[in-house]
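Subject: Handover of a structure and notes on it

Dear colleague,

My notes come after it.

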Amino acid sequence: MRKRLGLIAAMIGGAIVMALSSGAAWADKRIALVVGNSSYQTVPQLPNPARDAKAVGQMFKDAGFNSVEVLLDLGNLEFKRAIRKFEADADQADIAVVYYAGHGIEVNGNNFLIPVDARLSSDRDAEDEAIRLERMVLSADGAKKLRVIILDACRDNPFTVKMRRERRAALRAISSGLGKVEPTSTDTLIAYAAKAGSTADDGEGKHSPFTTALLKNLTVPGLDIRLAFGRVRDEVMKLTGTRQEPFVYGSLGGGNISLVPPPVVEKEPEAADVKGDFELVAKINSARAWEVFISTYKTGFYADLARAQLASLTSKTASDVARDVGNVTVAALPQDTPAPVNEPSSRERLEFDRLKDSTDQAALKRFIKRYPDSPLALQVQHRLEVLQSAAAEREEKQRAEREAARLAAEQARIEAERKKAELAAARKREEDERRAKAEEAAQQARAAEAERKAAEAKRKAEEAQRKAEELAAAKTAAEAARQKAESERAARQAELERRKAEEERRKAELAKQKEETCKAEEARFKELIARGSEGKGLDNVKTFAREATCERLKPEVANTLKSFENETARRLVTAAQVALGRIGCFSGDADGHLGSATRAALGRYKAARNPSGKERRNSNVAITDDVVKELGQQSGRVCPLECKAGEAVKGDTCVAVTKPQPPAAAQHKREDKTTASKPSRRPERTQTSRQREPAPRARQEASRPAPSYRAAPAMIGVGF
């Protein structure tokens, strides 16, 4: 009976945990594709798009987007592949954002985004070498809630100057700006850096004015995206002195839609809720129930009482806690009358108390489905019907209000059209009167113009005669000046030819000197190579590499110097490996290769030399002549002997660990209990010891003296 009551208490405690814990909210999946084209191959490069794209991509990452792909300087094929990949990703997202910075163009009424490898020699090339804007807009169509296309591509376009117009039946000319595009799907916005048909500034700072405003306003937490683009428009117009006006096409619903959700503000629990939860937990009176209450309500009067109750429970023994839980459970059950067959359980009553004043229809339906035979289900069903009726009434009222608003709006539209017609008629009358007055004024002006033209003709005749006389005098002076300039030009041409011949002679002498210098340096270099890398041969080659002036010889000198340095480094590593094997830190082959075994051996050597551990093991160390010299000065074993599992160090050898023998009395007892029919199955094991011998090659290398090198030290990085 006590076990059953304890099980009931545990079930009620689980219900309390479910009631006090809050459900987790699933966040929307947000993705972004950011493209910045700066390095165009056939027109001057744009300085800002690549920087703009990097900054916008970082902005989306900082805003918590699930996926942000930043792509720079895309060619035609890479551009199409990026759009195709984004289409597949957008099908699984709730919010999809596309940002493009670079050149855009409008050809024959169609908008195109220009890859960096486009040539666009003719307007017919746009279909093949550029990317249709509609393709990028449709790539975000799979997103479930919001699609945003941001285009900073309205810059003054150099492609429009060089493109040939080959389409004679074109409806529109080629334009640097982009034409207006109306989204075909709902909940889609297309934001232009400048309104359709106009161009935008690339900017003289780090970013374009449009991108500067985007970075400041687009991802403000909780800010509706329409207000965000409104702030972007105001800031761009302020930065450009109203020369550039960003524009947004598309429409959204009436709710607040933001790219970044607002920060969550925790609601303080009401005192009545805290008191009710405290009373429920007090009925259970278990340590787990009090811990859940304290984790839910961390401060306050009831939280302090709960901590005190939990402390009193933890001070009791396990049997006292079980007895108290059993008593509470029994006391909670009615004792006077027998329980009816359909009497609701404690868990049903607990959930009913939590739901009786709730407006959550889904929770009420779950209760009815979970307890269909409970008498409380009827009350919950009644509560659900009342809520559904009230919701239907509210819906009907809202529908009536919407219809009234629609009728009022229609009436206002009709009234506005009537006023507009009256205003148009008044404007037409004013226009007719203005035209009549203008015609009268034009007649008077024509008469005055005739008089003015007659006077002007007389003046022009006199001016023509005067200019003819001046022209004759100017021609005479010009002829004299021409003859003088011709003689001066001939003298300058002769001087230029003389200087050109002198320059060619000087270049020939300089080429001859360079060839002689190259031959001398080649002979000297061959002599240095013959000496080899021993002694000062490496230093001589390094000096020669710094002083050499022959260009065709420099690659060969660099390759030879590199091979000398590699040989010297290999010899240093070989010497270090031999020395490390001699002092018991290295057991591999001395092959001159700086591998993981050599690094580990150097690490063990450093650890043995510095047992205090002050030196960092993963600091960079170089194998130089000094390191090899230091290793050669070590005598005897430096690194401690490492034994296998089941062995222990004894002196300079590894011996097997022996198990202690049981006492004689215990041994006699076991022998008395053992019958003759059950012989011992496990033979007695003997303990042996073995000594680790260094590998033959390691012993040979340990006996060799450490070599000394006079070459310049080669620095080889080793990580400890």
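What follows is a description of a sheet and its helices, then of some single residues, aromatic rings and salt bridges.

Please keep in mind that this is a predicted model, in which local features need pLDDT of at least 70 and side-chain atom pairs count only at pLDDT 80 or more, whereas totals for chains, interfaces and linings use all residues. Residues are numbered from 1 along each chain as its sequence is written, and side-chain values use heavy atoms, with hydrogens and water left out.

The sheet

Helices (H or I, at least four residues) and strands (E, at least two) are DSSP runs numbered from the N terminus, and two strands are said to pair if DSSP finds at least two bridges between them. On that basis there is an open sheet of six strands, in the order β2-β1-β3-β7-β8-β9 and with mixed pairing. Its edge strands, each pairing on one side only, are β2 (67-72) and β9 (247-251). On average, and with direction ignored, neighbouring strands of this sheet are turned by 10 degrees against each other; axes here are lines fitted to C-alpha atoms, for helices over the stretch in contact, and angles run from 0 to 180 degrees between N-to-C directions.

Within the sheet, β1 (residues 30-36) and β3 (residues 95-101) pair in the parallel sense over seven bridges, and Arg30 stands opposite Ile95 in β3. Helix α3 (residues 76-90) packs on the sheet and touches β1, β2 and β3, its direction making about 170 degrees with that of β1. Helix α8 (residues 225-239) also packs on the sheet, touching β7 (146-152), β8 (188-192) and β9, and its direction makes about 10 degrees with that of β7. Contact is taken to mean heavy atoms within 4.5 Å.

Two single residues

Asn217 has its place in helix α7 (residues 209-217) and is buried, with a relative accessible area of 8%. The terms are set so that buried means under 20% relative accessible area, exposed over 50%, and partly exposed in between, with a 1.4 Å probe and protein chains only. The side chain of Asn217 reaches the backbone oxygen of Ala213 at 2.9 Å. If its neighbours within four places in sequence are left aside, Asn217 is in contact with Leu223, Ala228, Arg231, Val232 and Glu235.

Lys365, which lies in helix α14 (residues 361-370), is partly exposed, with a relative accessible area of 44%. Not counting residues up to four places away in sequence, Lys365 touches Leu384 and Gln388. Its C-alpha atom and that of Ala377, twelve residues apart along the chain, are separated by 9.5 Å.

Aromatic rings

Rings of Phe, Tyr and Trp (its six-membered ring) pair if their centres lie within 6.5 Å, and planes under 30 degrees apart count as stacked, over 60 as edge-to-face and the rest as tilted. By this rule the count comes to eleven aromatic pairs. In one of them, the rings of Phe525 and Phe544 have their centres 5.5 Å apart and their planes at 20 degrees, so the pair is stacked. This pair links distant parts of the chain, with Phe525 in helix α15 (residues 375-531) and Phe544 in helix α16 (residues 537-547), 19 residues apart. Phe525 counts as buried at 1% relative accessibility, and Phe544 is buried with a relative accessible area of 1%. Elsewhere, Phe278, Trp290, Phe293, Tyr297 and Tyr302 form one aromatic cluster.

Salt bridges

A salt bridge is a side-chain nitrogen of Lys or Arg within 4 Å of a carboxyl oxygen of Asp or Glu, and a search of the whole structure finds 40 of them. One joins the side chains of Glu456 and Arg459 (2.0 Å, N to O), which are three residues apart in helix α15 and therefore separated by about one helical turn. Glu515 forms a salt bridge with Arg552, the closest N and O atoms being 3.3 Å apart. Because Glu515 lies in helix α15 and Arg552 in the loop between α16 and α17 (554-582), this pair ties together parts that are 37 residues apart in sequence. Glu515 is partly exposed, with a relative accessible area of 32%, and Arg552 counts as partly exposed at 47%. Finally, Glu395, Glu396, Arg399 and Arg402 are linked in a network of salt bridges.

With kind regards

Note on methods
A polar contact is a pair of N or O atoms within 3.5 Å; within protein, one must be able to donate a hydrogen and the other to accept it, and residues adjacent in sequence count only if both atoms are side-chain atoms.
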